[in-house]
Amino acid sequence: MKLKIINTINISAIVVLTALDQLFKMMADRHLPKHDAVTAIGGILDFRYIENYGAAFGMFSGMRWILIGLTSVFIAAGMALLVLNKIKGAFLQSSAVLIIAGGLGNLINRIFDGYVVDYLQFTFWPFQNFAIFNFADCLVVIGTAMMFAKLIIYDAIKGKKNGG
């Protein structure tokens with residue numbers, strides 16, 4: 001019974017985060033000018049609408065179907081691991097939820113629009129020339145950083161303390 005509740009919570013979180021991503025992209029599409037930035041927080045954050053036909057930093061531009069295929073495989077694998085309870089612990093499950101939701105948010109746009117809407121642009125150093133990104137990208141990056149921190153850093157430190 002506990003496993004069912006955990007799976008329901010994880011899947012619900014994926015649905016909610018993916019829906020928020022789609023809402024934010026819809027708002028960017030409807031309300032942001034297509035060629036100019038809108039300052040949100042002066043010297044820190046601008047909103048700038050772009051259509052990204054590739055992946056991170058515009059890499060793999062024009063490779064839509066490869067990106068769709070790879071993303072679909074990763075999402076399916078992550079969902080299977082979550083549902084089959086192969087990812088142990090709430091922290092790693094939360095990491096997986098963020099990664100899956102972010103991947104799904106961008107996958108939806110690649111399938112239906114052919115591109116991903118990006119709209120967040122940091123304007124402070126060292127991010128002044130950094131890529132423009134979106135909420136889904138944030139979810140993937142945060143989830144990956146959490147997973148990395150747990151699996152690589154935390155477990156390595158824990159292993160050293162326990163004589164490993």
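Mentor: Let us begin with pairing: two strands pair if DSSP finds at least two bridges between them, where strands (E, at least two residues) and helices (H or I, at least four) are DSSP runs, numbered from the N terminus. Here E1 and E2 pair in the antiparallel sense over 3 bridges, and Thr 39 stands opposite Asp 46 in E2. This is a predicted model, in which local features need pLDDT of at least 70 and side-chain atom pairs count only at pLDDT 80 or more, while totals for chains, interfaces and linings use all residues. Residues are numbered from 1 along each chain as its sequence is written, and side-chain values use heavy atoms, with hydrogens and water left out.

Trainee: In what order do the 3 strands of the open sheet come?

Mentor: The order is E1-E2-E3, with antiparallel pairing. E1 and strand E3 (116-122) are at the edges with a single partner strand each, so one side of each has no neighbour in the sheet.

Trainee: Where does Gly 42 lie, and is Gly 42 buried or exposed?

Mentor: Buried means under 20% relative accessible area, exposed over 50%, and partly exposed in between, with a 1.4 Å probe and protein chains only. Gly 42 sits in the loop between strand E1 (38-41) and strand E2 (45-52), and with a relative accessible area of 59% this residue is exposed.

Trainee: How should I read a helix such as H2, and which residues of H2 are buried?

Mentor: Start with length, for which the expected span is 1.5 Å times one less than the number of residues. H2 has 20 residues and reaches 28 Å from its first C-alpha to its last, close to the 28 Å expected. Its buried residues are Leu 67, Ile 68, Thr 71, Ile 75, Gly 78 and Leu 82. Seen down the axis of H2, these fall within an arc of 105° (taken from the directions from the helix axis to the C-beta atoms), so they line one face of the helix. On the other side of H2, Trp 65 and Val 73 are exposed.

Trainee: What do the buried residues of H2 pack against?

Mentor: They pack against H1 and H3, and contact here means heavy atoms within 4.5 Å. Leaving aside neighbours within four places in sequence, Leu 82 has contacts that include Asn 7, Ile 14, Ile 87 and Val 97.
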